Amino acid sequence: MLRLILKKLGLLIPTFIGVTLVAFFSIRQLPGDPILLLAGERGVSPERYQELVERFGYDKSIWLQYLSYLGDLFQGNLGNSFVTKQPVLSEFLTLFPATVELSVCAIIFAVVIGLPAGIIAAVKRGKTLDHSVMTTALVGYSMPIFWWGPLLIILFSGFLGWTPVSGRISLMFWIEPVTGFMLIDTLLADEPGAFASAVSHLILPSIALGTIPLAVIARQTRSAMLEVLDEDYVRTARAKGLSNFRVVGVHALRNALIPVITIIGLQIGVLFAGAILTETIFSWPGIGKWMVDSIFRRDYPVVQGGLLLIAAIVMIVNLIVDLLYGLVNPKIRHTE
Amino acid sequence: MANVTQNSAPDTRFELIVNFWLHFRTNKGAVAALFFFLALVFIAVFAAFIAPHSPIEQYRDALLLPPAWTEGGNWSYVLGTDAVGRDILSRLIYGSQISLGIGVIVVSVALVVGVCLGLVAGTFRGWLETAIMRVMDIVLSFPSLLLALVLVAILGPSLLNAMIAIAIIQLPYYVRLTRASVISEMSREYVMAARVSGVGTVRLMFVTVLPNCMAPLIVQAALSFSTAILDAAALGFLGMGAQPPQPEWGTMLAEAREFILNAPWVMTFPGLAILTTVLAINLIGDGLRDALDPKLKRS
Amino acid sequence: MALLEIENLTVEFDTVDGRFRALDGVSYSIDAGEVLAVVGESGSGKSVAMLAVMGLLANNGHLWADKLEFEGYDLLKLTTKQRRQIIGKDISMIFQEPIASLNPCFTVGAQIDETLKEHTSMGRGERKTRAIELLDSVGMPESKKALKKYPHQMSGGQCQRVMIAMAIACKPKLLIADEPTTALDVTIQKQILDLLLDLQHESGMGLIMITHDMAVVAETADRVIVQYKGKKMEEADVLSLFENPKNPYTRALLSALPENATGDRLPTVSDFHLGDGGAA
């Protein structure tokens, strides 16, 4: 097992180097002089300009700059934000829990509804229920998040007034960030009101972000279940006199989950793309909004560092999904 | 109908198309979606004749007018007007040109470039293949929309650059798909036969092998057509795609965001336009997949 | 009273091209302690009747019968729940593809245990002892270790032994074996057939052997039913069938056996011009 992990990690290294190349050189192509941007409105004298050019190494060849960038990278130094002057890594770590919290809630929403929907559709194959579940799933799959989010706001915040419009928690509360996860922090702070507020702030963004994964999971679960329900071992399970629930929910589902888990894992990249839009719509202070704002502010170090960190996370999550696939599939786990 | 298995002699092209249509026709959703799509194409082509107003003219005396059938509506602006008094219906009609244009251009670029790279990777293998596939892996390690955003930021925000960026993020899917089917086709007898009879490599790639890899590519093209429209609208929504006053649907949504609670219709219709278009294309894509892929045919 | 009695059973399936009649008014019965062979080529509907008895017909299947009784219980009138208490316990079935018939995601032990848990009131420890005992009785080497194995770690023959162990777990009164040796190596086939017959002798259960192989029939059966295109062609005890086949189709089947070959090539069934009206 360990050897497998190391082998797969080894395969990631060239890709990761490629990612650093993209992050480094693409940001270098951004329009605008970084030093002038750094200096801001006040401008900068020619001497000071020269000094800054030397300090940041812009006078060296681009490859030397890339190497020193790689060197900094391995020491965990991703540079400082032009705007806040804070280290990019620490800003990232502060905002990251918000995105994780939102994504986890979204994926839970997607799995809790999408998985049973797919199973039911497969069991009721060809019936009205199957058609309506699958049509709904296709609508969800085609849903533009940047419209769906505002629509949810219009309905639940505007007409019904049930949920707040934006942010992570009501301004009434100040919660000391311990873990960075609002749900956990409010519980730690022992403030039930704050916890309820955090939950109500999470609902709409989670639905908005989770809808497309939900549709994908429902569709994939259905097709995986249909394939599995025709298998001989399902007939054996029925021949044992097991209940329909056990035949479908244990024997068939356990096998259908193998491809579905892969699909759920692959949604992480999709989720991140969606988080960019969802966080912008709901003013959710996470990585997605941070990246969009930084792109507009031309905050190069943040865009560069963020791009790299996000790509690294996507790669690691994909690796974990890959390993998980082996774990849920005995055929791979126990190959001698 | 059942005699079109993969190993039988290829039917004539006409038979193939008839066969395909017979399968496609059984999927009522896909057929309805096809008609919807054709209607949309018609609207896009004849936008100038259909639209009641200019998409960019601002009627200063009719700001934020609600749809005609609601109170305070005006039948000369059927779906109402936006914050600067432009007719929403006309903007939607002209917007269909942009969205369909995006789909066509992005898919053609990604398809042509992706298929060529995939053919090269699958035919020559070796270091060339490794290099191409590694680059595709790198593109895939970034969340698609994020990479598109950064690319557009580098190139400068405009519709054209948004299309380039989206074509780039879609490239890996075509390359992987083409490569995989080329590799599996290359080991088949008819390719061996062509090789033995001295067919040149380029001819082998494009004339012998490629037509037999088309089915999954066509399905992918349909699905990425809808993704392209969605992504371009998302970029427009974030201010990195089509620039105002272009009547692009995503850009219209971005402009409507401020009025989301007091003039919801400004936001409703462009979103509905995106949803129905994307849904129709996805339905067609599903129908294509069921009709083209013998393995997935419903029983 | 017969163990299982089928009278005038008809089964149809909905297909794209309309209704397809897989079984057309077939009747037969089996007594306790008897070995009945049902022979026919693929498509003769020989498995369909048994699947109907087990309640395992696909959703597009429809069945009618004048009588479908097991130990006097009317199987047609049972609710699904009542039927589930009989199948897997009093009637059990093994299938053609042993590896595909076991769930790849669960260990052999878990799959045997499940049957015991469903139909007996044994405790966990008792069930484990019983599972080992069962594996021993089907001749599984290293039965204790085998409990923890997954199907893909075993050979086809071993998988079929596990299937048999599962089928006899609750001491069934009737065991249906649907082509139990077809997918196995020739050397293993004989072992599995011997095992089935030994178990049948020991327990006195009824055994229905579905097969297309006349050699298997000769080796195992007391009585034989020959089926063709969903209809029963002939029913006879095994000796008289082989010595004096009455139906032309049976004669055709018998002459297709290698030992009956004359000349250079084996005769096939299609050499005998059979009309559909050849029913006995």
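A:Val260 counts as buried because 23 C-beta neighbours lie inside 10 Å of it; a residue is buried if 20 or more other C-beta atoms lie within 10 Å of its own, exposed if 12 or fewer, and partly exposed in between, with C-beta atoms placed from the backbone. This is a predicted model, in which local features need pLDDT of at least 70 and side-chain atom pairs count only at pLDDT 80 or more, while totals for chains, interfaces and linings use all residues. Residues are numbered from 1 along each chain as its sequence is written, and chains are lettered from A and ligands numbered from 1 in the order in which they are written.

## Chain A

A:Val260 belongs to helix H11 of chain A. Helices (H or I, at least four residues) and strands (E, at least two) are DSSP runs, numbered from the N terminus. Leaving aside neighbours within four places in sequence, A:Val260 is in contact with A:Ile217, A:Gln220, A:Thr221 and A:Ala224. Here, two residues are in contact if their C-beta atoms, placed from the backbone, lie within 7 Å. A:Val19 is 241 residues away from A:Val260 in sequence, and the two are 28 Å apart in space, C-alpha to C-alpha.

Chain A as a whole has 14 helices and zero strands. Of its 336 residues, 40% count as buried. The C-alpha trace of chain A spans about 85 × 60 × 40 Å along its principal axes. Among the contacts in chain A with a separation of 6 or more, 72% are between residues 24 or more positions apart.

## Where the chains meet

Two pairs of chains touch, and the most contacts are between chains A and B. That contact takes 37 residues from chain A and 35 residues from chain B. On the side of chain A that touches chain B, two or more residues come from each of H1, helix H6 (128-141), helix H7 (145-159), H11, helix H12 (287-297) and H13 of chain A. H7(A) gives the largest share of this side, seven residues.

In the other contact considered here, 24 residues of chain C meet 18 residues of chain A. At least two residues of the side of chain C that touches chain A come from each of helix H2 (80-86), strand S7 (91-94), helix H3 (98-101) and helix H4 (108-119) of chain C. H4(C) gives the most to this side, with four residues.

The table sets out both sides by class.

Chain B and chain C do not touch, and their nearest C-alpha atoms are 8 Å apart.

## Chain B

Helix H5 of chain B (residues 126-141) has 16 residues. From its first C-alpha to its last, H5(B) reaches 23 Å, close to the 22 Å expected at 1.5 Å a residue; the expected span is 1.5 Å times one less than the number of residues. B:Met136, B:Ile138, B:Leu140 and B:Ser141 are buried in H5(B). The buried residues of H5(B) pack against helix H1 (2-28) and helix H13 (300-328) of chain A, together with helix H7 (159-186) of chain B.

An unreviewed UniProt entry places the feature "transmembrane region" at residues 30-51, 98-124, 144-169, 217-238 and 259-284 of chain B. UniProt positions are given in the numbering used here, feature names are shortened, and annotations may be inferred rather than shown by experiment. Residues 144-169 of chain B are 88% helix and 0% strand, with end C-alpha atoms 6 Å apart. Residues 217-238 of chain B are 95% helix and 0% strand, with end C-alpha atoms 30 Å apart.

## Chain C

According to an unreviewed UniProt entry, the annotation "domain: ABC transporter" covers residues 4-254 of chain C. This span is 40% helix and 27% strand, and its end C-alpha atoms lie 27 Å apart.

Chain C contains an open sheet of six strands in the order S7-S8-S9-S3-S10-S11, with mixed pairing. Two strands pair if DSSP finds at least two bridges between them. S7 and strand S11 (231-237) of chain C are the edge strands, each pairing on one side only. Strand S3 (residues 35-39) and strand S10 (residues 223-228) of chain C run parallel and are joined by four bridges. C:Val38 has C:Ile225 in S10(C) as its bridge partner.
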